[in-house]
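Dear colleague,

Please find below the structure that I am handing over to you, followed by a summary of what was found in it.

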Amino acid sequence: MEINGNDLPQHIAIIMDGNGRWAAKHAIGRIRGHRKGVQAVRTVVRACREIGIKYLTLFALSVENMGRPQEEVKALMFLLDEYLSKEINDLQKQGIKLTTIGEIDNLTPQVKEKLLQAKTATADNNKMILNLALGYGGRDEIIFAVKKIIKDCQFSKIQLKDINKKVFAGYLQTAGIPDPDLLIRTSGEYRISNFLLWQMAYTEFYFTDVLWPDFQKKDLLTAIADYQNRERRFGLTSDQLKKNCRNNIKE
Ligand code: IPE
Ligand code: IPE
Ligand code: MG
């Protein structure tokens, strides 16, 4: 699959879905499906780094997923712990900086500690940002931002009249990260499941039936190629875009 290196999405977000169905298809337990899903994470992180993607946000665990059977949540924590231990050196070698969004206080103390270590160790890397959404919910993120804004208003750190889209975005957990250009969701589901609700206002969506554990570099390239065939109009007309208004539109 040919992609154009000059028109890459700066930020790709992925809803990595279908581990459970992959396991059912192979007549094995859900947890083994998650384990296989971690391999796909490795593949995709490496591929994005190779291609030259600057930001990759992976939806690894939603706030709603925390309500799954205890055994499954425990296994997901274990796998996350294992991933961080195994991958930290590789992330370093590849110059990848690890960040997270979501409520990491809801994770186990060991995982939280490992995440803090990994974030500190990779803080100066600048080849790519790997942003893991863990215990993440888009609506929770927005409510949290609103509360913080109200507090800052009360303490006169900010004035009501100064609140605009840019300022609001700065209160979200993704502050400093550009909005996703491309969202990929695997496993044939056509919904966003409380992911990056504010940030995806103008994101291009790509849905595939491939189950996450089967997702490979070629699938990523297919998604990017599809993205490159689209015209992002941001509410304007094609003609306006051709007249090079594009830079003024994204604000
Ligand atoms: C995605 O796979 C991984 C997480 C949500 C943690 P699922 O576990 O949702 O897999 P399906 O949707 O049951 O197939
Ligand atoms: C979304 O998948 C969350 C992650 C991939 C981490 P879900 O499997 O939780 O989403 P729904 O329940 O099908 O909407
Ligand atoms: Mg699912």
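Which ligand 1 atom lies 2.9 Å from a polar side-chain atom of Arg 30? It is an oxygen atom of ligand 1; a polar contact here is a pair of N or O atoms within 3.5 Å (within protein, one must be able to donate a hydrogen and the other to accept it, and residues adjacent in sequence count only if both atoms are side-chain atoms).

Please note that this is a predicted model, in which local features need pLDDT of at least 70 and side-chain atom pairs count only at pLDDT 80 or more, while totals for chains, interfaces and linings use all residues. Residues are numbered from 1 along each chain as its sequence is written, chains are lettered from A and ligands numbered from 1 in the order in which they are written, and side-chain values use heavy atoms, with hydrogens and water left out.

The ligand site

The backbone also takes part: a backbone N or O atom of Arg 21 lies 2.7 Å from an oxygen atom of ligand 1, and one of Gly 18 lies 3.4 Å from an oxygen atom of ligand 1. On its own, ligand 1 has 380 Å² of accessible area, of which the protein covers 87% (Shrake-Rupley method, 1.4 Å probe; for residues, only the protein chains shown count as cover). The residues around ligand 1, with a heavy atom within 4 Å of it, include Asp 17, Asn 19, His 34 and Arg 68. Helix 1 gives the most to this shell, with three residues; helices (H or I, at least four residues) and strands (E, at least two) are DSSP runs, numbered from the N terminus.

Five of the five residues of strand 1 (residues 11–15) are buried, so the strand is largely enclosed by the rest of the structure; buried means under 20% relative accessible area (1.4 Å probe, protein chains only). His 11, Ala 13 and Ile 15 lie on one side, and Ile 12 and Ile 14 on the other. Strand 1 runs parallel to strand 2 (residues 55–62), joined by five bridges, and two strands pair if DSSP finds at least two bridges between them. Strand 1 also pairs with strand 5 (residues 182–185) in the parallel sense, over four bridges. In that pairing, Ile 12 stands opposite Leu 182.

Leu 220

Leu 220 belongs to helix 7 (residues 217–228) and is buried, with a relative accessible area of 0%. Beyond its neighbours within four places in sequence, Leu 220 is in contact (heavy atoms within 4.5 Å) with residues including Ile 12, Ala 47 and Ile 184.

Yours sincerely

Notes:
Buried means under 20% relative accessible area, exposed over 50%, partly exposed in between (1.4 Å probe, protein chains only).
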